[in-house]
Amino acid sequence: MTKEGPVPTRTTRRKGKAETMSKKARAKKPAVVRVTDISEASLECRDLRHPWKRVTDFVLVRTKGAPSIFTRHLKCPRCTTERFDTYAVPSFELLKTKTVYPKDYQLHGLKERVRISEVRREMFERNKSA
Ligand SMILES: [Zn+2]
C-alpha cells in the first residue's frame, strides 16, 4: 500500500527567454559599455552625485481649477542628466520621478551593477595618467 505524498512543485527555468532578450540587446547596442568607456563627467557624477540645478521649481499644476500636483525639473550642469519630479499637494511627498540620462552615461551588457568602488578606482586611474 503506497500513499502518495504531496506532488513536488517544479521550478520552471526560463533560460530560453533570457537568451533571446540578450541577443536582441546585443544587436542594437554595443555589447558592453564599461565604467572605463564612459565620459569624465559621467564618471564624476557617479562618484559624487549630480550637482542638480533647478530648471523649474515647484510649479503648481491645477486640474479643473483645483491644485493637483507640483512638478520640478532639475538638470545636472556636469553630465546633462535631467530629472522630472512630481509631488503631492499639499504634502510635498514625492509621487514619481523620471530621470533622463545622456547617451554616454549608462552602462550596458554588464552582469552586475557597477560598484562605487570600481568608479572610484577608474577616477584614480584616469587622474594618474592625466
Ligand atoms: Zn551629473
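Helices here are DSSP runs of H or I with at least four residues, strands are runs of E with at least two, and both are numbered from the N terminus. Before I go on: this is a predicted model, where local features need pLDDT of at least 70, side-chain atom pairs count only at pLDDT 80 or more, and totals for chains, interfaces and linings use all residues. Residue numbers start from 1 along each chain as its sequence is written.

Okay, the overall picture. Of the 130 residues in the protein chain, 7% are buried. Buried means 20 or more other C-beta atoms within 10 Å of the residue's own, exposed means 12 or fewer, and partly exposed is in between, with C-beta atoms placed from the backbone. As for contacts with a separation of 6 or more, 47% come from residues 24 or more positions apart. A contact is two C-beta atoms, again placed from the backbone, within 7 Å.

Now the sheet. It's open, four strands, in the order β1-β2-β3-β4, with antiparallel pairing. Strands pair when DSSP finds at least two bridges between them. β1 (53–63) and β4 sit at the edges with a single partner strand each, so one side of each has no neighbour in the sheet. The twist averages 15° from one strand to the next.

Let's walk across part of that. β2, residues 66–75, is joined to β3 by seven bridges, antiparallel, and Arg 72 stands opposite Asp 85 in β3. Then β3, residues 82–88, has six bridges to β4, antiparallel again. There, Glu 82 has Val 100 of β4 as its bridge partner. The β3 and β4 hairpin has five residues between the strands, and Phe 92 takes a positive phi near 65°.

How many buried residues does β4 have among its seven residues? Zero; β4, residues 94–100, is hardly covered.

On to the helices. The axes of α2 (residues 40–48) and α3 (residues 116–129) come within 9 Å and cross at roughly 135°. Axes are lines fitted to C-alpha atoms, for helices over the stretch in contact, with angles from 0 to 180 degrees between N-to-C directions. That makes α2 and α3 oblique to each other; under 35 degrees would be roughly parallel, over 145 roughly antiparallel, 65 to 115 roughly perpendicular, and the rest is oblique. Who makes the contact? From α2 there's Leu 43, Arg 46 and Asp 47, and from α3 there's Val 119, Arg 120, Glu 122 and Met 123.

Two loops to finish. Arg 34 is in the loop between α1 (15–28) and α2, and counts as partly exposed because it has 13 C-beta neighbours inside 10 Å. Not counting residues up to four places away in sequence, Arg 34 touches Leu 107 and Leu 110. Its C-alpha is 8.6 Å from that of Val 114, 80 residues apart along the chain.

The other one is Pro 51, in the loop between α2 and β1. Is Pro 51 buried or exposed? Exposed, because there are 11 C-beta neighbours inside 10 Å. Leaving aside neighbours within four places in sequence, Pro 51 is in contact with Cys 76, Pro 77 and Arg 78. For Pro 51 and Pro 77, 26 residues apart along the chain, the C-alpha atoms are separated by 7.1 Å.
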